[in-house]
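Subject: Model handover

Hi,

Here is the model we talked about. My notes on it follow below.

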Amino acid sequence: MSDIIPTSIEKHDHILILDFGSQVTQLIARRVRESGVYCEIWPFNQATDERIQAYNPKGIILSGGPCSVTDKDAPSAPDSVFTMGVPVFGICYGQQTMVKQLGGEVEGGHSGEFGRAFVETVDDSDILEGSWKKGASEQVWMSHGDRVTKLPEGFKIIGKSEGAPFAMIEDTARHFYAVQFHPEVVHTLDGRELLRNFTHNVCGCAGDWTMASFKEEEIARIRAKVGDKKVICGLSGGVDSSVTAVLLHEAIGDQLTCIYVDTGMMRAGESEQVVTLFREHYNIPLIHEDASDLFLGQLEGVTDPETKRKTIGRLFIEVFDDCAKRVGDAAFLAQGTLYPDVIESVSFTGGPSVTIKSHHNVGGLPEKMNLKLVEPLRELFKDEVRDLGRALGMPEDFIGRHPFPGPGLAIRMPGEITREKLEILRKADTVYLDEIRNAGLYDDIWQAFAVLLPVRTVGVMGDARTYDYVCALRAVTSTDGMTADYYPFDHSFLGRVSTRIINEVKGINRVTYDITSKPPGTIEWE
């Protein structure tokens, strides 16, 4: 989270989002940015009056949250939010704390609304311009138990629902607006238009923050920060580190050296593709370290998922450190940290978060190597990184690739990792993705991959009995990877993939499809 406005967006209008712990706060930011307006998310309890004034937002949005404003010590917005003279938009809990802090009343004990609901608009409003008409009934997404029962002085009702008599309210004199529903989720029809009306019509934002402008401004920022010093970049082959590398190379040329550590656990042909793209197409100085023997040797006999991850992370740091020494006198380390990583590193309650699994990342390298960080993507979401890659002219088939985990195929192979099993998994994964592309479904899916299970089953192929591995297929839809649902392939597609894998991949005689959502499952299997 920034302490000051990043140099690259100083010249653009920006919105501040105060987070009260909603699971969909990031969607607010995504909707705002989609309309060309830069915004940041801050935990409500880290938004001091001084910080807000220094950030100088054109408007402030108060998110939803799991708490009740009727509780003792309930979260609230800093008082300066309502006195600094900028427009404010409250969403769900944000509406309730706005009402309570300004002298209205909120009560629990009424029947709540959860899921789809309908709001009747009873008056025109600046935030409804060009979308919802007076007297219309519009579908929204609700998630509340408490509700507003009395408005503060100066407010009027502009919409109501069965469970929320003040579902939409406004104080036009002070430019305060609030809704009980969530306009940021897709289930609220035209919800993004309400947010756009707030940022553009009410706040007066120009909507000129684009990836093209970000690219040029970030290049200037990198040059000013790095000067004539050398930078090393940990290149995983994924979209984030690849876009980071190309952006840096455009900014500082041969002052950049990329290090690609080949763990032996990449997908089929991936190492060759990465080396060709960066060494031959972009002519970026690249150290390609084939450390597959080291990694696979150290992982022999290891079956515990967390031990796998920690072993891979430790070895990665050791190998990367050794490669970095060959570069000599590098002053900066570049990495592809994204905005969700920044947001999720700070809990809105200030407490620790539960570790579901450790992540393999070069984030532990700077302290060990005494290098300064360059993180040019730390203000961007994943879809914005892809847009930046397009602005940089990167190949669409590269920047459009599905996410791939740092530990590689190691976490798509429960149980012990062996060269034989890796080869079986690579072939199955290649067939699966080939069929997805042939069906024209690749871009509709957030992530798809095969998993090789540590289970063998009896089968019959021809007149012979087989005893081979089980392959599980996984495909999910998602917007940010934080939540996900399985992709609803038709049975003919699954049957076709299963037939090809069993016929073409020696060592697999049974295929299953994973229909678990996240939560309760995770996207990856380990």
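The lining of the second largest pocket divides into 5 nonpolar, 7 polar and 16 charged residues. Here Ala, Val, Leu, Ile, Met, Phe, Trp, Tyr, Cys and Pro count as nonpolar, Asp, Glu, Lys and Arg as charged, and the others, Gly among them, as polar. This is a predicted model, so local features need pLDDT of at least 70 and side-chain atom pairs pLDDT 80 or more, while totals for chains, interfaces and linings use all residues. Numbering runs from 1 along each chain as its sequence is written, and side-chain values use heavy atoms, without hydrogens and water.

The pocket holds about 720 Å³ of space. That volume is the space filled by probe spheres set on grid points, joined across faces, edges and corners. On a 1 Å grid over the protein atoms alone, with a 1.4 Å probe, a pocket is an open set of points with protein on both sides within 12 Å along at least five of seven lines; lining residues have an atom within 4 Å of a point. Of the 28 lining residues, Gly400, Arg401, His402, Tyr442 and Asp443 are closest to the centre. Two or more residues each come from α7 (270–281), α12, α13 (396–399) and α14 (419–438). The largest share, 6 residues, is from α14. Helices (H or I, at least four residues) and strands (E, at least two) are DSSP runs, numbered from the N terminus.

Next, the helix packing. α6 (residues 239–252) and α12 (residues 382–391) pack at about 40°, axes 10 Å apart. Axes are lines fitted to C-alpha atoms, for helices over the stretch in contact, and angles run from 0 to 180 degrees between N-to-C directions. The pair α6 and α12 is therefore oblique. Under 35 degrees is roughly parallel, over 145 roughly antiparallel, 65 to 115 roughly perpendicular, and the rest oblique. Val239, Asp240, Val243 and Leu247 of α6 meet Lys382, Val385, Arg386, Leu388 and Gly389 of α12. Contact means heavy atoms within 4.5 Å.

The axes of α5 (residues 211–226) and α12 come within 9 Å and cross at roughly 75°. α5 is therefore roughly perpendicular to α12. Met211, Phe214 and Lys215 of α5 touch Glu384, Asp387, Leu388 and Ala391 of α12.

Last, the backbone. Most peptide bonds are trans, and most residues other than glycine have a negative phi. The bond from Lys518 to Pro519 is cis, with omega near -15°. The bond from Pro519 to Pro520 is cis, with omega near 15°. Asn56 has a positive phi, near 55°.

Best wishes
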